[in-house]
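Let's take a look inside this protein together.

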Amino acid sequence: MSTTPRKNASPLKADGRGLDVAALCRAGERLEGRWPLGGLDRLTSGTLPPADGAEAAWAVEGRLVPVTGGEAEVWVRLAVEAPVRLQCQRCLQAVDEVLQVDRDFRFVASEEEATELDEDSEEDLLVLAPR
């Protein structure tokens, strides 16, 4: 996995498998990088083996959204683009497609709050674990 070089300490853990969401949002930062498809077991378990050297390109951006009379909301946008090799159900040959994901996540203080807000929210709601 590679990430864009930065001058300040990164909210991304050194191994790329963790993110300090609050720090990312406070800084209003955008991180981006590439991840080898071979390291994404959940994705590749439902596809044909990826081409040698195939990578997913990702970007994550954090922001604080002001709320009148309350604390700012913590939001993260995740965008991923990955080449995947599927099997055609008609001819059984390999079909190369590009999977694109662009999702917003809003972080809340508790599971109870996430459950309460979930029905009326288009974005995914996740609990922000205290650090």
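## The cavity

The largest cavity has a volume of about 30 Å³. Here a cavity is a set of points, on a 1 Å grid over the protein atoms alone, where a 1.4 Å probe fits but cannot get out, and lining residues have an atom within 4 Å of a point. Grid points are joined across faces, edges and corners, and the volume is the space filled by probe spheres set on the points.

Which residues line the largest cavity? They are Leu37, Leu43, Thr44, Thr47, Leu48, Pro50, Pro83, Val84 and Arg85. By class, six are nonpolar, two polar and one charged. β4 provides the largest share of this lining, three residues; helices (H or I, at least four residues) and strands (E, at least two) are DSSP runs, numbered from the N terminus.

## The nonpolar core

The largest nonpolar core has 11 residues: Val21, Leu24, Cys25, Leu31, Trp35, Trp58, Val60, Val74, Val76, Phe105 and Phe107. Such a core joins buried Ala, Val, Leu, Ile, Met, Phe, Trp, Tyr and Cys residues through side-chain atoms within 4.5 Å, buried being under 20% relative accessible area (1.4 Å probe, protein chains only). α1 (21-27), β2 (30-36), β3 (55-67), β4 (70-87) and β5 (94-108) each give two or more residues to this core, and α1 gives the most, with three.

## Behind the values

This is a predicted model: local features need pLDDT of at least 70, side-chain atom pairs count only at pLDDT 80 or more, and totals for chains, interfaces and linings use all residues. Residues are numbered from 1 along each chain as its sequence is written, and side-chain values use heavy atoms, with hydrogens and water left out.

Conventions: Buried means under 20% relative accessible area, exposed over 50%, partly exposed in between (1.4 Å probe, protein chains only). On a 1 Å grid over the protein atoms alone, a cavity is a set of points where a 1.4 Å probe fits but cannot get out, and a pocket is an open set with protein on both sides within 12 Å along at least five of seven lines; lining residues have an atom within 4 Å of a point. Ala, Val, Leu, Ile, Met, Phe, Trp, Tyr, Cys and Pro count as nonpolar, Asp, Glu, Lys and Arg as charged, and the others, Gly among them, as polar.
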